[in-house]
Protein chains: 2
Amino acid sequence: MQVRDCIVSAPGKAILHGEHAVVHGKVALAVSLNLRSYLQLKATTNGKVSINLPNIDTFLCWDSNELKRLISDSGGRREEGKLLDAELVRRLREFVGVTNGNLDTRNMATLSFLYIYMSIFGSGELPSMTVSVWSELPTGAGLGSSAAYSVCLSAALLCASGAIPAPLKEWDHTARWCQEDLELINSWAFQGEMIIHGNPSGVDNAVGTWGGMLRFLAGKIIPLSRVPLLRILLTNTKVPRSTKVLVARVKDKINKFPTIMIPVLDSVDAISCTCERVLSEMTCEPITGEHYNILEELIDINQHHLNVMGVGHPALDTLCRVTLARGLHSKLTGAGGGGCGITLLRPETDSFVVQSTAQDLRDCGFDCWETSIGGPGVQQHSPVSVKEEVLEILNKY
Amino acid sequence: MQVRDCIVSAPGKAILHGEHAVVHGKVALAVSLNLRSYLQLKATTNGKVSINLPNIDTFLCWDSNELKRLISDSGGRREEGKLLDAELVRRLREFVGVTNGNLDTRNMATLSFLYIYMSIFGSGELPSMTVSVWSELPTGAGLGSSAAYSVCLSAALLCASGAIPAPLKEWDHTARWCQEDLELINSWAFQGEMIIHGNPSGVDNAVGTWGGMLRFLAGKIIPLSRVPLLRILLTNTKVPRSTKVLVARVKDKINKFPTIMIPVLDSVDAISCTCERVLSEMTCEPITGEHYNILEELIDINQHHLNVMGVGHPALDTLCRVTLARGLHSKLTGAGGGGCGITLLRPETDSFVVQSTAQDLRDCGFDCWETSIGGPGVQQHSPVSVKEEVLEILNKY
């Protein structure tokens, strides 16, 4: 069995507003982050299955017959009501050598690939192929790099298996799948996320699949039809933090000062709703400076609220101060306590200002990227539509 | 008629929590600030009435007969339902040369003195005296310096007139008046404030009179029985600001983002109530580090909320950052947009830390005083209970 080659990409995600508040039943807005993961699938005829993940220095190759032996006699059927095939997961964990506590990124990425590959192709012949993934996203920074990876895997393998068509026409540079196919990609990507994270919210894979912006409320994920593309700087302070500790800190503060903190959550909820309304207005009326003024005010207010919740950090204060000195507004994104922040750029923000600000931030020891939010979700690429340097990396293997 | 000499003092005021929110029907906590105004009244026999206000470079002297002629035939009676004798105010403005728009501090201080002096003594002989006032408070910084002045004037002149007794016994260093006398002092001080400010809230003169802490809600002022004395640093950033502009800015922001801002006001209200409860606990149970931890958390949260309201300033951010680097927590007090801030000191805060922090702040170009909040209101002093340097200034005239 020979499959078709393809190149796909999926975006990362950032939380625009509502991080932490979402844990307490408030709205959060998740947006696609146009730092993307790229996957190239190449059919081979050597009976081997290879995966190359240069970001995490992982290069593995298996004999497809060896893999075939891992498929259970039950034919990979899932237990009633369970999304994952527990027996396949157990066998793969044993095969890869994952002991229970060992949640190493490389092992998780390997497991996730093998699980999706074998679930999709398991009932027939296992095709030989080389899958290479390169991501512009830093890993473990809360930017949805694992989801972008899972989404790319799902899209490419479903496409290779013929479960969904390849949307790219001869004359296209990039193409997207229809709604029904996206739902299938998303559901497989969610399984990949379950392998990697155990109990994911489903937001990251949904953003990777649909792109744009998602409204997330009480476990329900609603993709928003139209949002403008916003230029941003993404900054990684590189201050390590534990999401679990930060979530617990906010909870403790709410329990300690309920009358003070509950209104703050309500205010964050209103910020998310106001932001959603303004972004939607920006897609159906001429964009004005006042739209951007409001977006900036919402960023500032939310950043103060996040500090009130106790998830700020001196490095994030520095980010805000350094960018404000250039007239730009920033907030943390995600768990806080360090980690990443986003800085809104206005359409008229001069590229000199952007470059200087990025340099200022790098001088603080931070990583900084000029990118955008609200861009497309998973898509298929013709080789010419992939940046030279990315293509070079993918073609190395 | 010869009156008795006396020395009195009254404290300034700071807003501990609730500035701006109070304008929108929320609780504010006003506390006495132990930077005091001192007044010395000396009886003379030269038929002259002299006032010396070295802080504002004002030294005036009148013939008491000349002043007597300004008393209206109606004997200084107020119009029905009016607190001030409008005819006396009119004549004094003309006498002092205050044209309508001229709200110069010196003229206002002079008017206020003459109004209280002539209202209290007007029905009989005008006694000759020299009144000298020296204040540790900066003027025009929102710290209630005019109210402390009016409270001192009222207490000293009422005492000199015999309307209230001199509470100081031979063996006392300082003494306070009984509740009834304080109410009379406060009502005259409020008239002084009306002369100076037009439409004062009454909070500043109430704090100057009662000291400690006052709860202010919807125009109602409730002195709180017992509060602990808290050490603070008071910092004047010396950034000029207009209270009127700042109040309007907050109002505009509430109108622009009601769903976001109203919860913030609710949160500030809860901060004031929580702070009041903690301070009251500190007077009836052993004071612990946790009490101070909570006071610090409330300060931090409120400072963020004030930034959300748009009344922060880079100089205030600097104050917070510089003090936090020494483990101390600060917030703006009063109108914000510059102006003053308070920094809470813990009982165990080492004097080296206090001195170094104060020096750091002075290096930023700020004025900085180590003082306390929650101390006594207006009091009478024996000369030995007045600091040497203050006595020296008062005795110069």
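Chain A comes in two parts: domain 1, covering 6-222 + 376-395, and domain 2, covering 227-371. Keep in mind as you look around that this is a predicted model. If you take the centres of the two domains of chain A over their C-alpha atoms, 28 Å lie between them.

Let's start where those two domains meet. Domain 1 of chain A puts 26 residues in contact with 35 residues of domain 2 of chain A. Between them, the two domains of chain A bury about 2400 Å², and 68% of that is on carbon and sulfur atoms. On the domain 1 side, look for A:His17, A:Glu19 and A:His20: these lose the most area to domain 2 of chain A, together 27% of what that side buries.

There are charged and polar links here too. Three salt bridges cross the interface of domain 1 and domain 2 of chain A. To see a salt bridge up close, find the side chains of A:Asp266 and A:Lys26, which meet at 2.8 Å, N to O. The interface between the two domains of chain A also has 12 residue pairs in polar contact, both residues being at pLDDT 80 or more. Which strands of chain A supply at least two residues each to the side of domain 1 that touches domain 2? They are β1 (6-17), β2 (28-43) and β7 (213-217) of chain A. The largest share, five residues, comes from β2(A). Sorted by class, the residues on this side of domain 1 of chain A are 14 nonpolar, eight polar and four charged.

Now move on to where chain A meets chain B. Each chain brings its own set of residues to the contact: 23 from chain A and 23 from chain B. Here the buried area is about 1900 Å², with carbon and sulfur atoms giving 71% of it. On chain A, the trio to spot is A:Phe257, A:Ile260 and A:His304, which supply 27% of the area that chain A buries against chain B, more than any other three residues.

How many salt bridges cross between chain A and chain B? The count is six. A salt bridge you can look up joins the side chains of A:Lys256 and B:Glu297, at 2.5 Å, N to O. Polar contacts between chain A and chain B come to seven residue pairs, both residues at pLDDT 80 or more. On the side of chain A that touches chain B, the elements giving two or more residues are α7 (243-256), α8 (258-284) and α9 (289-308) of chain A. The largest share, 10 residues, comes from α8(A). By class, this side of chain A has 11 nonpolar, six polar and six charged residues.

Note on methods:
Residues are numbered from 1 along each chain as its sequence is written. Chains are lettered from A and ligands numbered from 1 in the order in which they are written. This is a predicted model: local features need pLDDT of at least 70, side-chain atom pairs count only at pLDDT 80 or more; totals for chains, interfaces and linings use all residues. Side-chain values use heavy atoms; hydrogens and water are left out. Domain bounds come from an automatic or database domain assignment. Contact means heavy atoms within 4.5 Å. Buried area is the accessible area (1.4 Å probe) that two parts lose on being put together, summed over both. A salt bridge is a side-chain nitrogen of Lys or Arg within 4 Å of a carboxyl oxygen of Asp or Glu. A polar contact is a pair of N or O atoms within 3.5 Å; within protein, one must be able to donate a hydrogen and the other to accept it, and residues adjacent in sequence count only if both atoms are side-chain atoms. Helices (H or I, at least four residues) and strands (E, at least two) are DSSP runs, numbered from the N terminus. Ala, Val, Leu, Ile, Met, Phe, Trp, Tyr, Cys and Pro count as nonpolar, Asp, Glu, Lys and Arg as charged, and the others, Gly among them, as polar.
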